[in-house]
Each structure stands twice: as structure tokens, then as C-alpha cells.
Amino acid sequence: MSSEALPTVKSDPSKRRRPLALLLMSFRTFIALIVVFVFFGVTTPNFLDVPTLIIVAKHVAVNAILAIGMTFVILTAGIDLSVGSIVGISGMIAGALLTRGIPLDVLDVTIFPNVIETIAISLGVGAGVGLINGLLITGLNVAPFIATLGTLYVARGAALLISDGATFSNLVGDPNLGNTGFPFLGSGTLLGVPVSIVALVIFAAVAAYVAGRTPFGRQVYAVGGNERAAALSGVRVNRIKVCAYMISGFCAAFAGLVIASELVAAHPASGETFELNAIAAAVLGGTSLSGGRGTIAGTLIGAFVIGVLSDGLVMLGVSSFWQMVIKGIVIIAAVVLDQMQRRMYRRFALEAQLG
Amino acid sequence: MSASVGPDNDIILKAEGVGKVFPGTIALQEVDFEVRRGAVNVLVGENGAGKSTLMKILAGATEPTTGRLLLRGQQVSFQSVRDAARQGIGIIYQELNLCPNLSVAENLGLIDPPTRFGFDIDRTRQVEKAKALLARLEHPIDPSRLVDDLRIGQQQIVEIAKALAADVDVLIMDEPTSALSAAEVDILFKVIRDLKAHGVAIIYISHRLEEIMRIGDYITVLRDGRRQADALVEDISVDWIIERMVGSTKLALQEKASRLGGNALTVQGLSLPRAAGGFLVDHVDFSVQAGEIVCFYGLLGAGRSELFECLMGLQPQAVGRIEIGGRDLSGLSISDRIKRGLVLVPEDRQRDGLVQTLSVRANLSLASLRRFTRFFSLDAASEKSEARDMIKRMTIKVSSPEVEVTALSGGNQQKVVIGKGLMTGPSVVLLDEPSRGVDVGAKAEIFRVMRQLSDAGLAVIFSTSDLKEALGYADRIVVMSRGQIAAEYSRDEATEAALVEASTAAFPAQERLVS
């Protein structure tokens, strides 16, 4: 037993080349993050100052929270295109609740929920859109791309319908109605740290725990890795998928609230094309679109690479047109490298097996 | 063995000393095979004897490692199936290779569609061609119908017509009758005789020995990758074929079941209807006792896998009673069946058994995550230690439970799938072809584990199409054929000949005539 060549790093005959090459490859996104930091630190004055970094982190937070939810969906080998629209609709619902309340015509009264309740309702709507996505995909067998493309339009349309396209502004609430405090989410601080960054840390920690340490997380990976094998092992595949889309919807709704709170206003077009940024962050972080591979930490790093890159390029004065070109190249390069790593790993594994 | 039967000048295609080596296994060794014009050249052998490898070499789907092919006396090497087809070799695969979204005529014209001046497809002519081909097969299927709407038997006819669409000198047929009804088989045989009369050489692969006796002219028997015997079909009998196929080598018999408990699994009236009519699993009754190993022996398509899938709850249309410990399982979800003590080790471990992206540890624990859950989280320490125990118990060759499961060899992957099932603490274990794609050493270990399980009081049910496995490892053998239980033998009664005969016996033709 001991003398046999076992599939492992240590018994590999090609000695040290493999661990180093593979190690570099598996930390490529992290290395990329360091590279962009160093690059902008050298080229852009004040880039590494704490206030600048906090601004960058606040920008990253929204996309990172979206991408964390998206990661769960992609891990099940699905996709969620509706998150940008959920950002829009959750902000609009919060705006409507804070400024117009819930009019009960029968009793001729209007109920104004407080800020906590407002936030809870908006998050509930986000998770509800996710639930619809999940049921369309599992129950009615609609392809994830199509199902969430549909809800992308429906949710965006609904967001526009709420105010007939208008913006809810000045969402500070009214002390007489007891619904003040909404701006705290976007511009408040806890122990000197902006609330949105604290929220990101909490979301990331909980998500990493759920993905890595809970039976649910394991089942998400199993469903994405091989749905048939997972089902035959007793995993309730449909339930897992629905939960993943609900998590994604919940995260998107939270991101929408952060944006509305930062701006102290809710705009129905808010969050357009955000779904693409979220997918890009997840993919950049090593999440495989075919499912079963990826980590929350990777997604987080991916979101930071995109965020640092775009803020840094702005500070460098690079035109927004060139920014888009660069972002696109980075995403493609990430996927190409991912494929290379996969091939490298497979080759080494095969070599190890053959001895 | 060396002297070939029959006149040499009829040989159109000849394989000389052909061998094929796959990583870890030798599929074919020094095989000579002659294919004669205007004759049905039969190729038989057990599963794994090398028939399909030889067929693939002849059809250009794979290249031989050693040896050479002679076509009309000239040495040839085929780059692809297309290349072989250009030189007049056609093949009908056992699995249908049709596009279900296209019409019959479009499928028939797929390779070489009739065009108008080389631009667009001439639909009228395409339909006419299809009609002519189908008329030759005495099957007036409407050429404009979608293939998806046809019954399997009709699809098989289309597949045959497709091979005839190209002018072939050599036609390879891999189990062409496995999906056909008795009436359809008669038509196929008529077509074969017609082709013979036109000088076409037919290579006919089948497990149905009676059919071979009816239609064959020359027969070649393969065993363990070597040519075992060849003869004129008119000189031999079914018994002769069985003897050559199976050989006299006996596997060391394992000890018998030590003691049997009560009924662990009772199945009554289990049926699975086929979409096109008839049954894939046809009113099956059986029971298995605790501590017993039962083998379900049968040919490909006999309904063994479907039976296992019904038991496990993968086939929602299945009806019948499935009892474990006196409680009916039918209608329960897979996870509830696992909870009641049933597990299935599926036939296709890549498709249904493994999660390729996960580690050995995560694959092993996947079906029993509940057991490792403390409050919300997985108890990583106990998961890891149980995974280590299972790796030791199943003698899985891997350095660490964290290695990705795809890095393992086939036999070790299979042990992971079995280990996953055992981690759930089952009382009844179903193993569908547990030795498929597994090397000899791992095979022995898998059967040794099965005996350990039965000694520990589990009911073990496995399926196989390998006679030696059936006779060597089971306490009782149930033979399936066409979805029904054809015969049942205790270990002492069972003989190779009896099993082969029961599994190839044709049932009275069911109501499956052409509509």
C-alpha cells in the first residue's frame, strides 16, 4: 500500500514543479488583486490612503453583496439575470413605503411602517422574486437563463410602475411618522467603519460559513457538480435550487437598499446591468459557470479586482470607454486562466495516478 | 484455429493480428477476423470479450494498437468513421444515432442530402429517396414524421435505412434486434437476406443465440480479447457457442451465506410501463432475505437497471409494492427510501454516482450529511474520521480524503460510490453492474465487501451480465429477460447453460405489432 503511487501532491514524480505552478495558478485572482493595488499605488497619488480605500470599499460592497448571492446560484449550475432589477425594485419599495406608506382605503388610513419593517419588507420582496425564479426553474422546468431574463423585465417594469417612472427623493422619513433613520444604512458608521462595509463583512462571513460548513452548502456544491448523483444520494435538488435563488434575491434586495440609502433617493432604473458585474466578479473569482466549483472568498476577491480596477482607472483619468475594454479583457483572461489551471490539474492528477 | 473456414476469395475485409490496449487493460489481443461477401458474419462473446472494440476498429471509430486491416486485399487505415464509410463500410450502432428533432427524411438525408445545383436541399427528392429506402425495408413510415414521434422499433428501422442510404459493401450491425418485436425481427432478417443476395457482407453482433442460428453463416467467438473459435453456423449448435463463449475456467467459488434472516425486501407486482407501449419492468415479484446475495442476471436491455431504478424511486411511473421491514416504500422520495435503509450503487458511476467536483471525503458523506450535522454546521472532524474509516474498510487507494475524486482510478471510484451508500447504514444494498469498468483486483475486492455485508446481515442485490460473476458470488440467481423474471436458480442448481438459455429465451410476442 505504502509503496504504490497514490494520487496526491507528494507522490508526484515531477517533484516541485507541480505544486508551485499549481499554487500560483490557484491564487491567480489574489495575485491579480495585489498587482492592481501595487500598480495604482505607484501610479496614482493618494490611492493607498485610508479615505480613498474606504471609498473604494464602499463602491465594491454593493457589487460584492450581489456577487455573493450570485455565487450560490452559479454553484448550482444556474444563473440569475434578475438581480439588477431586484436592486431597482427593492429600493423603490422602500422609497414608496417611506414616503407614501401603505394606504388602506377601506379604513381611510395609511400605515407607515418603521425603517426596520420597511427594510424587512423590501428584503422579503427580493427573496420572493428569487422564490419565483426558483419555482419557474424547478417546477416548470424553464431554463435559468430564460426564467431570470423574464423576471428581469417583470421586476424592472414593476419598479417603474410603482412611481410611474418617478424618483422617490429625500428618504429621510418623518419623526411624526416614526420612520426616520433610513440613510444610516448607506452613510452611517459603526465604530468609524461605514455600515455598508460592515454589512459586506457580515454577508461574506455568513455566506462563507453557509457554503463551506453547512449541509446546505455541501448540497449546493453537489447539485452543481452532478445533479443526478446528488439526487440519487438523497439530496432534494429542487429545494436546494430554490433556496439558492432566494439567497440571490435577498442579497440583491439588500444591495438595492444600500444604494437607495446612500443616495437618500430611490430611482426605478437603479441597478441596471448590475447582474453582469455580479457574474463577472464570481467568474473572476474562480466560480465555474458549469457549476460545482467556486468559493465565497474567491468571489469577494473577484469583486475587489473589478472595483479597484474601475476606481483606479477613474483616478488615473482613463476614459470610461477604455475602462470597459479593459474590464472585458480582464474577465476573458480570468476564464482562460481558469481553463488552463483545470487542464494542468487534470494532467498532474493523471500522471500521479499512472505513477 | 488458424485454418479459416470457407473460400478465401470471398473475403472482403480482414483483420490480421489486431490488438487494442487501453490504459490499464488489454481489450483485444492478436485477433484475426475475416468478413465474407454475401454472408452474415457473426461475432459473439460475453460482455468485455472485445466485440465492441473490434467493431469500432472495423468501422474506423478507433485505431488498433497492433495489427492491420485489409480491405479488398489492400491494407487500409481508417482515420474516422466517415473515412470508413467512404470506402463502403457502414455501421448500425446499438444506441440509436438519430436526431429526434428532425424528420425521418431529413435524418436519412443527413450525410448526403440531395441538392438543387449544390445549393439548397431538394425536399421532394429527399422525401422520395426516403420513401424508396423505407419501402425496401417494407416499412412505409411517413418520411415527414419526426423521429421523436416514432416507436423505438421504428426508429431502429430508420437507423437501418440510414445505413442503406449510403451504398455499403460491409454493414456492421451491433445488436440490431434488441429493440425490435418479433414481427420486426422477421422483416429485418428479410432485409438481411436481400442484402446478402446483393453481395453485401454483414457483420452481425448479437447476444440472442437463437437468432444467430437462424441468420448467421459464419461465426467467430471472442473471449477475453482473443479469438476463441470460428465455424460455419450450419455445423454448430447453441450449446457449442455457449461452451466457447464461457470457457471452462471457473472462478473460485466464494463461501455461501452463513445464515439468513427474515425477508429484508419484498417486491410485488412491480411494473414500469414503456412510453411506446409494453413494459420495461413487467409485473416482477421477488423477495430477498437478510444475509443473502442475490444476482439479477440478464442481457443488455433485459430491464435490470430499470428494475433497480424503480426500487430506488427514480421512476415516478412505476407501480407495485416495495416493502422493507414490513413498510411500503412506493411513492416515497429517494431521500426517504435511503432513510428506510435502501441504497443504490448505479450502473454509470460517472453520470449517476460521483460528484466529480468534490473530494473523496465529500463524496463519501454526501448521502449521510444529516448524521454529521451539529446544529447548523457540518462536523468536519467526525466527517473526516468516518471518511478515513470508510477508505480503510473499502481499501480505497488514495493518500488523503481531500483528494478530488476524479484523480482516482475506475475501481477506486467505484469503491467510493459503494462507500457512500454504506455510510447511510443501509439494510438493503442494490448494486447495478458493480464490476463495470473496474480492473480485476478491484473487482475481487468489491465482491469481498459484498460478502462481508451479507455476513453482517444486509441483503445484497447485484446485477450483472457476466456469467462468472453470477455463478461465483451469488447465493441465488434471478434471470431477467424483456422486463420479466424468466427463471430463478439457487446457487447449486445454476449452470452457465441454463442461465444463457433463460436469458435469451424469447417471450411470446407481446402486442407490439406495427400500428
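Contact, on this tour, means heavy atoms within 4.5 Å. Keep that in mind as you look at this predicted model, where local features need pLDDT of at least 70, side-chain atom pairs count only at pLDDT 80 or more, and totals for chains, interfaces and linings use all residues. Residues are numbered from 1 along each chain as its sequence is written, chains are lettered from A and ligands numbered from 1 in the order in which they are written, and side-chain values use heavy atoms, with hydrogens and water left out.

**Stop 1: where the chains meet**

Show chains A and B together. Chain B brings 41 residues to the contact and chain A brings 30. The buried area between them is about 2800 Å², with 57% coming from carbon and sulfur atoms; buried area is the accessible area (1.4 Å probe) that two parts lose on being put together, summed over both. Now select Thr357(B), Leu378(B) and Lys397(B): they supply 19% of the area that chain B buries against chain A, more than any other three residues.

**Stop 2: Asn226(A)**

Next, select Asn226(A), in the loop between α9 (215-225) and α10 (227-232) of chain A. Helices (H or I, at least four residues) and strands (E, at least two) are DSSP runs, numbered from the N terminus. Is Asn226(A) buried or exposed? It counts as buried because its relative accessibility is 9%; buried means under 20% relative accessible area, exposed over 50%, and partly exposed in between (1.4 Å probe, protein chains only). Its side chain reaches the backbone oxygen of Leu354(B) at 2.7 Å. Leaving out residues up to four places away in sequence, Asn226(A) touches Gln350(B), Arg351(B), Asp352(B), Leu354(B), Val355(B) and Gln356(B).

**Stop 3: chain A as a whole**

Chain A has 14 helices and six strands. Its radius of gyration is 22 Å, close to the 20 Å that the globule rule gives for 355 residues, so chain A is as compact as a globular protein of that length. That radius is taken over C-alpha atoms, and the rule is 2.2 Å times the number of residues to the power 0.38. Of the 355 residues, 50% count as buried.

**Stop 4: helix α13 of chain A**

Select residues 296-316. This is helix α13, and at 1.5 Å a residue its 21 residues should span 30 Å, which agrees with the 30 Å between its end C-alpha atoms. The expected span is 1.5 Å times one less than the number of residues. What caps its N-terminal end? Thr295(A) does, with a side-chain oxygen 3.0 Å from the backbone nitrogen of Gly298(A). After the helix comes Gly317(A), with a positive phi near 85°.

**Stop 5: two positive phi angles**

Go to Val264(A), in the loop between α11 (237-263) and β6 (265-266) of chain A. It is not a glycine, yet its phi is positive, about 55°. Val264(A) counts as partly exposed because its relative accessibility is 22%. Bring chain B back and find His283(B) in strand β14 (residues 279-289); this non-glycine residue also has a positive phi, near 45°.

**Last stop: Arg476(B)**

Finally, select Arg476(B) in strand β23 (residues 476-481) of chain B. At 15% relative accessibility, Arg476(B) counts as buried. A polar atom of its side chain lies 2.7 Å from the backbone oxygen of Ser287(B). Beyond its neighbours within four places in sequence, Arg476(B) is in contact with several residues, including Glu292(B), Cys295(B) and Tyr489(B).

Methods:
A polar contact is a pair of N or O atoms within 3.5 Å; within protein, one must be able to donate a hydrogen and the other to accept it, and residues adjacent in sequence count only if both atoms are side-chain atoms.
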